[in-house]
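Me: I'm new to this one. Can you walk me through it, a bit at a time?
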Amino acid sequence: MVLENVLHMNAGDEESSYAKNSSIQKSLLLNSRKVLEDSINDYGIDGFPQCFKLADLVCSSGPNTLLLVNNIIDIVHANMPKQRLADEKEDTCKDQCFISGVPGSFYTRLFPTRSFDFFHSSSSVHWLSQVPEKLENNKGHIHLTEESPPAESLHDMSSKGFLNEADIDSFNIPFYNPTTDEVKGIIDTEGSFSLESLQTFKHGAEIQSSSNKCYSQNSGFA
């Protein structure tokens with residue numbers, strides 16, 4: 001079974017949809033804004049092409065994608081004051097923007113070579129593309145990491161008789177938080193990219209239930 005055919009976010013705008021439950025992803029976008037600005041500034045140091053083509057490699061829908069694209073457009077415009085002034089004098093439409101949603105999996109090839117100027121990916125590459133070996137030893141956890149609030153909630157439900165412990169042991173989310181050394185090693189080994197900067201930061205997400213609140217603390221890469 002192909003993983004991307006069965007693993008996907010909830011569509012729509014219901015309470016259980018991705019659009020209503022993506023505050024962690026939004027915090028990552030906001031925290032990495034400076035990295036985004038620096039990357040675009042470096043790209044446009046010698047000027048931007050007349051048609052600047054960018055792709056945001058996302059795995060769902062919702063306001064976060066529009067926020068990200070809007071940020072990129074603002075940053076590009078801020079770096080093109082002379083070009084914007086020339087456009088205004090020529091009475092041209094300086095804000096033409098063409099958007100297209102393209103289906104596919106970022107585990108495979110998506111676009112032809114040199115067809116884009118800038119790629120962005122956030123909250124994506126931690127999703128595993130295949131089932132890891134010795135997964136049967138991951139009992140008591142729902143993904144390959146330290147104990148998390150969702151797992152604790154499931155164990156609490158099990159202790160109260162709402163779930164079987166065996167069901168929790170058999171449930172695994174294809175999610176993995178790598179270390180900085182692992183990220184560096186993968187990039188160096190694969191060879192398609194050079195690593196210019198690697199930063200980590202903390203971000204917190206509020207998880208609220210009907211009876212209490214708790215905060216999960218996670219690391220983000222930029």
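Me: Is lysine 160 buried or exposed?
Reply: Lysine 160 is exposed, with a relative accessible area of 56%. Buried means under 20% relative accessible area, exposed over 50%, and partly exposed in between, using a 1.4 Å probe and protein chains only. This is a predicted model, in which local features need pLDDT of at least 70 and side-chain atom pairs count only at pLDDT 80 or more, while totals for chains, interfaces and linings use all residues. Residues are numbered from 1 along each chain as its sequence is written, and side-chain values use heavy atoms, with hydrogens and water left out.

Me: What does lysine 160 form a salt bridge with?
Reply: With aspartate 156; the closest N and O atoms are 3.5 Å apart. A salt bridge here is a side-chain nitrogen of Lys or Arg within 4 Å of a carboxyl oxygen of Asp or Glu. Aspartate 156 is partly exposed, at 38%.

Me: How many salt bridges are there in the whole structure?
Reply: Five. One of them joins lysine 20 and glutamate 15, at 3.8 Å from N to O. Lysine 20 is partly exposed at 47%, and glutamate 15 is exposed at 64%. Aspartate 38 and lysine 34 also meet in a salt bridge, at 3.0 Å.

Me: How far apart are aspartate 38 and lysine 34 in helix 3?
Reply: They are four residues apart, so about one helical turn separates them. Helices (H or I, at least four residues) and strands (E, at least two) are DSSP runs, numbered from the N terminus.

Me: Switching to the inside. Which residues make up the largest nonpolar core?
Reply: Twelve residues, among them Leu29, Leu36, Phe52, Ile72 and Phe118. Such a core is a set of buried Ala, Val, Leu, Ile, Met, Phe, Trp, Tyr and Cys residues joined through side-chain atoms within 4.5 Å. Helix 3 (33-43) and helix 4 (63-78) each supply at least two residues of this core. Helix 4 gives the most, with five.

Me: And what is phenylalanine 52 in contact with?
Reply: Tyr43, Ile72, Val76, Asp117 and Phe118, leaving aside neighbours within four places in sequence. Contact means heavy atoms within 4.5 Å.

Me: Back to helix 4. Which residues are buried there?
Reply: Asn64, Leu68, Val69, Asn71, Ile72, Ile75 and Val76. They sit on the same side of helix 4, because they cover an arc of only 155° around the axis; the arc is that of the directions from the helix axis to the C-beta atoms. Leu66 and Ala78, on the other side of helix 4, are exposed.

Me: What do the buried residues of helix 4 pack against?
Reply: Helix 2, helix 3, strand 1 (54-56) and strand 2.

Me: Last one. What is the phi of arginine 114?
Reply: Near 60°, a positive value in a residue other than glycine. Most residues other than glycine have a negative phi. Arginine 114 is in the loop between helix 5 (81-89) and strand 2 (118-120), and at 81% relative accessibility it is exposed.
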